[in-house]
Amino acid sequence: MIGNVRPDGKNRIYFTSDNNNNTAALNEIEYAGGQWTRNTYTLSGNNNVCGSCMPTITGPGRNDGTNRLYTGQSEIYWDGTTFSGTSLWQGRPQGNPSEFDASGYGSDVAMMLGVGPAKNDGIQRVYALTARNDSIYELAYNDAGYYEPKKLFTTAVYHPYSGLPGSVPKFLITNGRNDGLQRIYQGWGMPTASGGNERELVELFNATGSVTSAIPASAGYTVSMVVDVSSSAEGMAAIADQTFSPQAVLLTLASTTTFVSTGSLTGTGIGFVLTSTITALAPSKEITYSVFYTTTLASTYNPMRFKIARYDDASTSWVLPAYNIADVNTTSMTVSGNFAALGKFQLMVATTSAVTKLIPTSGGTISIIGDFNNWTGSVTIPNAAFTNPMVMTVTPLTSFPSSVSGYLNNGRTETVIPTGIGFSVEKSTPGISPSADLTLSITYDSAFMASYNLRKLYLMRYNSSNAQWESCEAPAGGNCGGYGINLANNTITYSGRTTSTFQIMQAESENNTGSGGGGTPSDTYGYPSPFSIGKHGTMRFINAKAGETIKIFSLGGYFIKEIAVNANGIGLWDGKDEGGQKVSPGTYLVVAGNEKFKIMVLP
């Protein structure tokens, strides 16, 4: 790298290297007095210099008018006496931080691209190419005093660490179109098996919002870019090998804001178009299209309703992938769908939070989020439950069959109380039953369930043949071990082989003593325990006798509060005494009928 790093107006040559003692060093070559001289600096400070990274770049990355050197891991500067360095990767990367090695983001950098105002806003930023995920990262110096990395897009380019001999990538930030706008350019050449060379020049980021990449005939490729600047949403197309065999094609992924509104799907206005230079050559395999959404979109829409849809010109409508399958991952904030076609794609919102998945013979799990009352659910299909792949749909429900007749595992029929929390499970082939039990689970919100007796809750299946809710599939002495409630994590489960409608119901008298950790005691108890007035707000006394009263005393025998018990055997206490004042932290005595027990109260 040639640049002016010291504040003396002189250009010098800079590169990093490894010393004999395996420590990285900065080399400075200067022409003075008619000859070249070389100075080598062993850097001090938190520099983590990458001796083998190339090239070293220079620029005013802090926007303070001072040029600095940048390697794969470090920012290097002249401190007036010598060169020192600091880590470039102090900030946690945005976008997909899990793709970076947690022990040091800089170790994944294959090449520093440049320093420049690539966003055309006059602000200098540093750009780097990662080796692990072939992605361009932008590092912007912030007010907190460190460089904040942000993933721009995946380039799927060859780089020095790709293991491909002769790979020679080049990068440049410049006004390539002579229109006053800065853009990032990438070019590479790679020897082919026939002895020739494949070459590509790609304009990676430009004002029109597009990325063009050469897709080899026999290799997989991924093309991605930020498709919505305001939300930083990223669009991606993952192409498997042999998709366009027997020839290579040029694919262009371009952002767009022009969409047609049709059907029941709601458009987000975020999407992209994928086109090919050979329009007659259709993909022979499905391409995985994805959108990496952000918290901005997640706060506007329900992410569990996200779908990737493709616009079908023939029907002039948006169509979903086969079987209506959309893979939504709320952890990585990704939604994907597979199509064996190019065209226009949009992130859309369905009218329900139903999740459909193709379950392989090895099994899998379908997870959902309820639209109301803060609950989550899941259906787990074990290995070899089906001899062939099965498409299954799990749909959160807000309306249920009106029957309140319940059939419990003890063979007793009694009235059950609906909670309005549940879902339906459907198979694409209704006549085929699994050969092993499916495990259904709901994690509920304790605040919503405050008015119910948790010991008497069951996740029940609706049997349409007799219009009854059933706590398991063999109530009269069959295999009823697969049910239960776990009060520690607010989870209730059901196991069985029949798909149907499921809902959390409260039994009239029977305690849930199943395998889920429900527990067998029928004694009155306080929950949560210990009870924090500031954190929990309300303590529930459960399993008390309906209509009786619960009395709370200090350990010294002073009366604190009398609490009424409702028809469900529950009493509620807000941590206050008869005068409306919060009680002091400590241990208190509770008297419920003939029962006595102690509770711990925290601030």
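**Reading the labels on this predicted model**

Reader: What makes Tyr452 count as buried?

Author: Tyr452 has a relative accessible area of 14%, and because buried means under 20%, Tyr452 belongs to the buried class.

Reader: How many aromatic pairs does the count come to?

Author: The count comes to 24 aromatic pairs. Among them is the pair of Trp78 and Phe83, whose ring centres lie 4.9 Å apart with 70 degrees between the planes; the limit for a pair is 6.5 Å between centres, and planes over 60 degrees apart count as edge-to-face, so this pair is edge-to-face.

Reader: Why is the pair of Phe448 and Tyr452 called tilted?

Author: The ring centres of Phe448 and Tyr452 are 6.5 Å apart and their planes stand at 40 degrees; as stacked needs an angle under 30 degrees and edge-to-face one over 60, the pair is therefore tilted.

Reader: Is Phe83 buried or exposed, and how do you know?

Author: Phe83 has a relative accessible area of 0%, and because the buried class takes values under 20%, Phe83 is buried. Phe83 also belongs to one aromatic cluster with Tyr14, Tyr41 and Trp78.

Reader: What sits over the ring of Trp78?

Author: The charged end of Arg6 sits there, 3.9 Å from the centre of the Trp78 ring, and the distance part of the rule asks for a value within 6 Å.

Reader: Why does Gly571 count as buried?

Author: The relative accessibility of Gly571 is 0%, and since buried means under 20%, Gly571 counts as buried. Gly571 lies in strand 44, which covers residues 571–573.

Reader: Which residues does Gly571 touch, not counting residues up to four places away in sequence?

Author: Gly571 touches Met539, Arg540, Phe541, Ile563, Ala564 and Val565. Phe541 is 30 residues from Gly571 along the chain, while their C-alpha atoms are separated by 4.9 Å.

Technical notes
Residues are numbered from 1 along each chain as its sequence is written. This is a predicted model: local features need pLDDT of at least 70, side-chain atom pairs count only at pLDDT 80 or more; totals for chains, interfaces and linings use all residues. Side-chain values use heavy atoms; hydrogens and water are left out. Helices (H or I, at least four residues) and strands (E, at least two) are DSSP runs, numbered from the N terminus. Buried means under 20% relative accessible area, exposed over 50%, partly exposed in between (1.4 Å probe, protein chains only). Contact means heavy atoms within 4.5 Å. Rings of Phe, Tyr and Trp (its six-membered ring) pair if their centres lie within 6.5 Å; planes under 30 degrees apart count as stacked, over 60 as edge-to-face and the rest as tilted. A charge sits over a ring if NZ of Lys or CZ of Arg is within 6 Å of the ring centre and within 35 degrees of the ring normal.
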